[in-house]
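Trainee: Could we go through this one together? I would like to learn how to read it step by step.

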Amino acid sequence: MVGLVLVSHSAGLAAEVVALTRGIAGTEAPMAAAGGMADGALGTSVDVIERAVRSVDQGDGVVLIPDLGSSVLTARLLEEDGRVVVADVPFVEGAIAAAVAAGTGVPLADVLAAAEEARTYRKL
Amino acid sequence: MDADVFVAWFEEAARLVHQDRDRLTRLDAEIGDADHGTNLDRGLTEVCKALTGAPPASPAQVLSTAGTTLIRKVGGASGPLYGSVFRQMGKQMSKAAETQGTQGTQEARVPVTLAAFAAAFEEGVVAVERLGKAALGDKTMVDALAPASRALALAVRDGVDVSEALGQAARAAAEGAKATIPMQARKGRASYLGERSVGHEDPGAASAALIMAALATVAG
């Protein structure tokens, strides 16, 4: 199964979006939060993200979903063609769409495509 | 320009950024998230620690170590951005050394020419433009780095000596930083301010100017 990593400046935000996604998507897809610096401060840490990637990597690829700013920049540094990809999607909706798709066991490209569809969802 | 010059570059850059930390943070407080001075100060201090702990033999290794350290130690955008510039420069220099056959235990100490430095610097700027998807005029560090790169390329073309060339690059970076004042930000947090970002110097461009000034000082 494709793994997901939620990357945020805030450890709390990343952890809560993972919890929300698990609750709503209700899937077995491996998911990890990579928020904040190693010492808990606001920021993005390449080490924290790398650890999260390793924890969800089952060999089918990993989708990184960053919130904004340096989360995006740091996540992009970890991209590996066809293995670790960054999704340019809304943080919450993209995570849920990706988790639902990943839970069905589809390949990385399909999980990414499902996440990207979330970009056009309208709330009203 | 040998490895010692590049180590001295980062030491001087760390000193200048530390000295101007509050100004950089103040610039960032106006249009960003007020962490640029502190983050870069901490990042460059870590770079100096890494470089003095195990001084690398080649210019390429100095730049790679500096880039990787910034990426690992800085939690804000300046870490991955500056980190990519220096890491890419290191990569480019080691590739150039390989094609010239000057790579190896003894030969690794071979200094880089101004032309090789200018070429590596250009690659570094391209890397940061690609990572941040920023172009000239977006009110980012690219507005200081790209003019510096152009100044270096012109200096190489005109056969200007190293000291003069680095002076010109530093001036181009400083002018580029000042030129961000009337710009409207199109990248990062400042872009959310829209027209209200006009009238403030971009902190990333300001720190890039300091870093280029540091190089002119140590190799000038």
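Trainee: How many helices and strands does chain A have?

Mentor: Chain A has five helices and four strands. Helices (H or I, at least four residues) and strands (E, at least two) are DSSP runs, numbered from the N terminus. Before we go on, a word on conventions: residues are numbered from 1 along each chain as its sequence is written, and chains are lettered from A and ligands numbered from 1 in the order in which they are written. This is a predicted model, where local features need pLDDT of at least 70, side-chain atom pairs count only at pLDDT 80 or more, and totals for chains, interfaces and linings use all residues.

Trainee: In which order do the elements of chain A run?

Mentor: Starting at the N terminus, the order is β-α-β-α-β-α-β-α-α. The radius of gyration of chain A is 13 Å, close to the 14 Å that the globule rule gives for 124 residues, so chain A is as compact as a globular protein of that length. That radius is taken over C-alpha atoms, and the rule is 2.2 Å times the number of residues to the power 0.38. Along the principal axes, the C-alpha atoms of chain A fill a box of roughly 35 × 35 × 20 Å.

Trainee: And what share of chain A is buried?

Mentor: Buried residues make up 52% of its 124 residues. A residue is buried if 20 or more other C-beta atoms, placed from the backbone, lie within 10 Å of its own, exposed if 12 or fewer, and partly exposed in between. Take A:Glu16, in helix α1 (residues 11-25) of chain A: this residue has 16 other C-beta atoms within 10 Å, so it is partly exposed.

Trainee: How far apart are A:Glu16 and A:Val92 in sequence and in space?

Mentor: They are 76 residues apart in sequence, and their C-alpha atoms are 10.0 Å apart in space.

Trainee: Now chain B. Which elements does chain B have?

Mentor: Chain B has nine helices and zero strands. Its radius of gyration is 16 Å, close to the 17 Å from the globule rule for 220 residues, so chain B is as compact as a globular protein of that length. Of those 220 residues, 58% count as buried.

Trainee: How do I read a pair of helices, such as α1 and α9 of chain B?

Mentor: Look at the axes, which are lines fitted to C-alpha atoms, for helices over the stretch in contact; angles run from 0 to 180 degrees between N-to-C directions. Helix α1 (residues 3-19) and helix α9 (residues 203-219) of chain B have axes that come within 8 Å and cross at roughly 135°. That makes α1(B) oblique to α9(B), since angles under 35 degrees count as roughly parallel, over 145 as roughly antiparallel, 65 to 115 as roughly perpendicular and the rest as oblique.

Trainee: Which classes of residue make up the contact of α1(B) with α9(B)?

Mentor: The residues divide into 13 nonpolar, two polar and one charged. Ala, Val, Leu, Ile, Met, Phe, Trp, Tyr, Cys and Pro count as nonpolar, Asp, Glu, Lys and Arg as charged, and the others, Gly among them, as polar. Two residues are in contact if their C-beta atoms, placed from the backbone, lie within 7 Å.

Trainee: Last one: how many residues of chain B are in contact with chain A?

Mentor: Eleven residues of chain B are in contact with 13 residues of chain A. The elements giving two or more residues to that side of chain B are α4 (59-73), α5 (78-99) and α6 (114-132) of chain B. By class, this side has five nonpolar, four polar and two charged residues.
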